[in-house]
Amino acid sequence: MFVFTLFVLFIFFLLYKLMLIVPMREVNVIERLGKFRAVLQPGFHFLIPFFDRVAYKHEIREQVLDVPPQSCISKDNTQLEVDGLVYLKVMDGKLASYGIENYRLAAVNLAQTTMRSEIGKLNLSQTFSERDSLNESIVREIDKASASWGIKVLRYEIKNITPSRHVIHTLEKQMEAERSKRAEITFANAEKAAMINLSEGERQEAINVSEGQKQKRINEAKGTAQEISIVAKAKAEGMRMLSAALAVNGGNDAMNMQLKEQFIVQLGKILEEADVSVVPAEMAKLEGFFEGMEQVTHAVSSSSTKTNTVKGARS
């Protein structure tokens with residue numbers, strides 16, 4: 001019974017060594033008597049017990065390797081601490097097994113050295129603004145060197161770029177100066193725009209005032225012209241009516257009476273308003289004055305009569 005049990009266990013051991021199931025996520029490298037035989041893809045496979053063995057197992061999914069932080073010097077002699085992530089995938093199990101001892105460690109070290117080299121070509125400001133081009137350069141350089149390792153570097157991503165404390169303090173001062181500069185420029189532009197708007201407003205105001213004054217003068221001129229025209233017409237009509245009145249019987253006497261009344265009224269006003277009542281001797285002879293006024297009135301009446309006679313003759 002003991003021998004039978006040993007035999008059954010031996011059979012199971014042989015079957016275990018004979019059959020091999022490779023998972024979907026990896027490939028197995030098989031050696032026969034210490035020599036490479038094949039790379040087994042995912043699936044079920046048979047092996048020769050005691051002759052074939054699984055020497056290496058490789059993950060065929062995309063792998064993410066953390067690149068530890070390291071000190072780098074930029075082109076302008078600024079010390080930076082940079083870390084990142086490298087993404088790679090095993091493309092050839094045989095080269096990944098025999099081309100290099102440890103492709104993961106080799107990829108990380110190569111990423112570090114390449115990153116130091118690429119950052120040394122850039123200034124401090126470029127390391128922040130040109131991350132994409134820096135990542136592409138690192139991937140290109142790593143991919144060239146790792147072609148014989150059976151792996152493919154898909155991409156590289158810089159996680160952090162940390163300058164030293166002194167550099168950070170200097171950058172903060174620079175940023176503060178830039179913000180102050182932009183604020184002053186913005187304030188100056190705003191003040192300039194305000195002055196331009198104010199001058200435009202004053203200019204428009206002056207134009208409006210001048211236009212108003214121009215229109216005012218035009219309106220006043222038109223009003224004065226109309227006033228002169230109306231006054232002239234009124235005077236002409238008054239003269240015409242006066243000449244007509246003088247031509248009627250008794251018109252001279254009426255005009256003489258009207259002139260005498262106006263003279264007396266105006267003389268009374270002058271005497272009331274004057275501080276010193278000094279009257280010339282000639283003005284005391286009112287009778288002679290009125291007689292002179294009658295002669296003037298008679299002359300005006302005669303002139304008006306002649307004018308009407310001439311107009312009638314022309315008619």
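Start by selecting Glu-31 and its surroundings: beyond neighbours within four places in sequence, Glu-31 is in contact (heavy atoms within 4.5 Å) with Phe-36, Arg-37, Phe-51, Asp-52, Arg-53, Ala-55, Tyr-56 and Tyr-98. Glu-31 sits in strand E2, residues 26-32; helices (H or I, at least four residues) and strands (E, at least two) are DSSP runs, numbered from the N terminus. With a relative accessible area of 8%, Glu-31 is buried. The cut-offs here are under 20% relative accessible area for buried, over 50% for exposed, and partly exposed in between, with a 1.4 Å probe and protein chains only. Now show the side chains of Glu-31 and Tyr-98, which make a polar contact at 2.7 Å. A polar contact is a pair of N or O atoms within 3.5 Å; within protein, one must be able to donate a hydrogen and the other to accept it, and residues adjacent in sequence count only if both atoms are side-chain atoms.

Before moving on, a word about the model. It is predicted, so local features need pLDDT of at least 70 and side-chain atom pairs count only at pLDDT 80 or more, while totals for chains, interfaces and linings use all residues. Residues are numbered from 1 along each chain as its sequence is written, and side-chain values use heavy atoms, with hydrogens and water left out.

Next, go to Leu-33, in the loop between E2 and strand E3 (35-40). Leu-33 is not a glycine, yet its phi is positive, about 55 degrees. Is this residue buried or exposed? Leu-33 counts as exposed, at 65% relative accessibility. For context, most residues other than glycine have a negative phi.

Asn-77 is another stop of this kind, in the loop between E6 and strand E7 (79-90). Asn-77 has a positive phi of about 60 degrees although it is not a glycine, and its relative accessible area of 67% makes it exposed.

Now select Cys-72 in strand E6, residues 63-73. Cys-72 is buried, with a relative accessible area of 1%. Leaving out residues up to four places away in sequence, Cys-72 touches Thr-78, Gln-79, Leu-80, Val-82, Arg-116 and Ile-119.

Colour H3 (residues 103-119) and H5 (residues 131-145), which pack at an angle of about 135 degrees with axes 9 Å apart. Axes are lines fitted to C-alpha atoms, for helices over the stretch in contact, and angles run from 0 to 180 degrees between N-to-C directions. That angle makes H3 oblique to H5; angles under 35 degrees count as roughly parallel, over 145 as roughly antiparallel, 65 to 115 as roughly perpendicular and the rest as oblique.

Which residues meet here? From H3 come Leu-110, Ala-111, Thr-114, Met-115, Glu-118 and Ile-119, and from H5 come Leu-134, Ser-137, Ile-138, Glu-141, Ile-142 and Ala-145.

Finish in H5 with Asn-135, which is buried at 8% relative accessible area. Not counting residues up to four places away in sequence, Asn-135 touches Tyr-156, Glu-157 and Ile-158. Its side chain joins that of Glu-157 in a polar contact of 3.5 Å, and the side chain of Asn-135 also reaches the backbone nitrogen of Ile-158 at 3.4 Å.
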